Amino acid sequence: MSEPGTFFGQPRVLANLFGVELWERFSFYGMQGILLIYLYYSAARGGLGIDEDTATSIVGAYGGAVYLSTILGAWVADRLLGPERVLFAAAVLVMAGHISLALLPGLLGVAVGLVLIAIGSGGVKANATSLVGTLYAEDDPRRDAGFSLFYLGINLGALVGPLLTGLLQQEAGFHWGFGLAALGMAIGLVQYTIGRKQLSGPAREVPNPLPPGRRPLVVAVALAVVALIAVVVATGLLPAGRLATAVVVVSAVAAAAYFAVILSSRAVSGLERRRMLGFLPMFLASTVFWSLYQQQFTVVTIYSDQRLDRDLFGWEMPVSWVQSINPVFIIVLSGAFAALWTRLGDRQPSTPVKFAAGTALMGAAFLLFLPLAGGGPNSAPLLALAGILLVFTVAELLLSPVGLSLATKVAPAAFRTQTVALFFLSVALGTALSGVLARYYSTEHEVAYFGILGATALLFGALLAALTPLVRRLLSGVR
């Protein structure tokens, strides 16, 4: 039993952050579970009738923009408002985005809704975890258990969201599903508002305030960027089918700039520079991994709609329910992996080996689609897809949890935040690439699609494994 006045033995205010993150993930994954089919379903089925290539580009660009926005959310928290205020404002943006999808018609609702949700989710993602960290002293033995409890909330939301929004979409229509996502975020905001006063001290501090004289320049730049985006969208200079490509380019340029600035800085020591060079192949591996993994929301969604046998005892399971399979495996396996690494201690595989194994296993997961290729509509067994998604999950647990940890370990003292931002840029780049790659998928070319991408990831994993001794030397003691 937990102590009186605590949340399962943790600081009571953790319940507030647990709740807002649970409901934000409920709304995020609930909406994302039905977004792609809303875009390409015909009007007769309640959708917008966009061609699949354009629809996957929009979804890929949106997913990449979420991770790009984490950089914006962290910067605003560090320089302007502090993490608690940014978290609250970001959650409001998320709710407004879901309301826009639910109430605004057609592409207007999609454009307004996805922009608001991308910016808002980036702000929540950037600040919720850091706020959990402010609840504990450096040596508080409850810290790891508190984070584990917090991440349980993330996966509970990711599990339940697609189940309920997908069911409502199938029974009542897409806009009711989007409306339920908005309602979930509203519930999270209400409970967070009730207890947000308990978050004080570092939660409300601005770590590195922007000098007042520079604020007008920041406002002017922000307005100029918004105006430029509005002009590009309104004039059709950037077609929707190329949005994912644009996010790929922006993410790649930003990552290259970050690496160049850090590696050339005089504030970086020789040891720190070597470690950053060792981080570079890990960044590339992370990009390859996420470009395949995030196809859960593009190709796997199309596959679930068109190729999967979703018949459950005479009732057709909603397409979005497939998105809840991964969170189940995460909830079941994450504790087992944590216990395994703890038990192995210094004998556990090094980070480069984990990255290589995760990337190669992700490629193997794509190759597992090959025996199912060419079977026609509703021919792929649900159990087979669940097995493939289990491999997705194991690959994720080998790479994703250690990625941010590695970024904090190799980060030069003068660039701690920027190095963490680099890892998020690998996720943004990979997620946007998942939308670009999905343009080449079709039921007629499944063997080539899954075979080429799966083999490529396998080869990249093997290459990283071969380079592990060199990478470990560059990391200079960082495991």
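**View A. F369 sits at a relative accessible area of 2%, so it counts as buried.** Buried here means under 20% relative accessible area, exposed means over 50%, and partly exposed is anything in between, with a 1.4 Å probe and protein chains only. This is a predicted model, so local features need pLDDT of at least 70 and side-chain atom pairs count only at pLDDT 80 or more, while totals for chains, interfaces and linings use all residues. Residues are numbered from 1 along each chain as its sequence is written, and side-chain values use heavy atoms, with hydrogens and water left out.

The ring of F369 has a stacked partner in F450, because the two centres are 4.3 Å apart and the planes meet at 10 degrees. F369 lies in the loop between α12 and α13, whereas F450 belongs to helix α15 (residues 446-466), so the pair ties together parts that are 81 residues apart in sequence. Helices (H or I, at least four residues) and strands (E, at least two) are DSSP runs, numbered from the N terminus. F450 counts as buried too, with 1% relative accessibility.

**View B. Y303 and F369 make one more ring pair, out of 25 aromatic pairs in the structure.** Rings of Phe, Tyr and Trp (its six-membered ring) pair up if their centres lie within 6.5 Å; planes under 30 degrees apart are stacked, over 60 are edge-to-face, and the rest are tilted. Y303 and F369 are edge-to-face, with 5.1 Å from centre to centre and 75 degrees between the planes. Y303 sits in helix α10 (residues 299-306) and F369 in the loop between α12 (351-367) and α13 (382-410), so this pair links parts 66 residues apart in sequence. Y303 has a relative accessibility of 1%, so it counts as buried.

**View C. Helix α10 is largely enclosed by the rest of the structure, because 7 of its 8 residues are buried.** Those buried residues are V299, V300, T301, I302, Y303, S304 and D305. What covers them? Look for α1 (14-40), α2 (52-81), α13 and α15, which are among the covering elements.

View D. N326 is found in helix α11 (residues 325-344) and counts as buried at 8% relative accessibility. Setting aside residues up to four places away in sequence, N326 touches Y293, Q296, T393 and E396. Contact means heavy atoms within 4.5 Å.

**View E. The side chain of N127 reaches the backbone oxygen of G123 at 2.9 Å.** N127 is part of helix α4 (residues 106-133). With a relative accessible area of 2%, N127 is buried. Not counting residues up to four places away in sequence, N127 touches G73, A77, P83, V86 and L87.

**View F. V66 and A118 are 52 residues apart along the chain, yet their C-alpha atoms are separated by 4.4 Å.** V66 belongs to helix α2 and is buried, at 0% relative accessibility. Besides A118, the contacts of V66 include F28, S121, G122 and K125, leaving aside neighbours within four places in sequence.

**View G. Here, arginines meet rings: the charged end of R25 sits over the ring of F28, 4.2 Å from its centre.** A charge sits over a ring if NZ of Lys or CZ of Arg is within 6 Å of the ring centre and within 35 degrees of the ring normal. R45 lies over the face of Y41, at 3.7 Å from the ring centre.

**View H. Stepping back, the protein chain has 16 helices and 2 strands.** Its C-alpha atoms fill a box of roughly 60 × 55 × 50 Å, taken along the principal axes. Buried residues make up 51% of the 479 residues. Among contacts with a separation of 6 or more, 81% come from residues 24 or more positions apart.

Methods. Polar contact = N/O pair within 3.5 Å; in protein donor to acceptor, adjacent residues only side chain to side chain.
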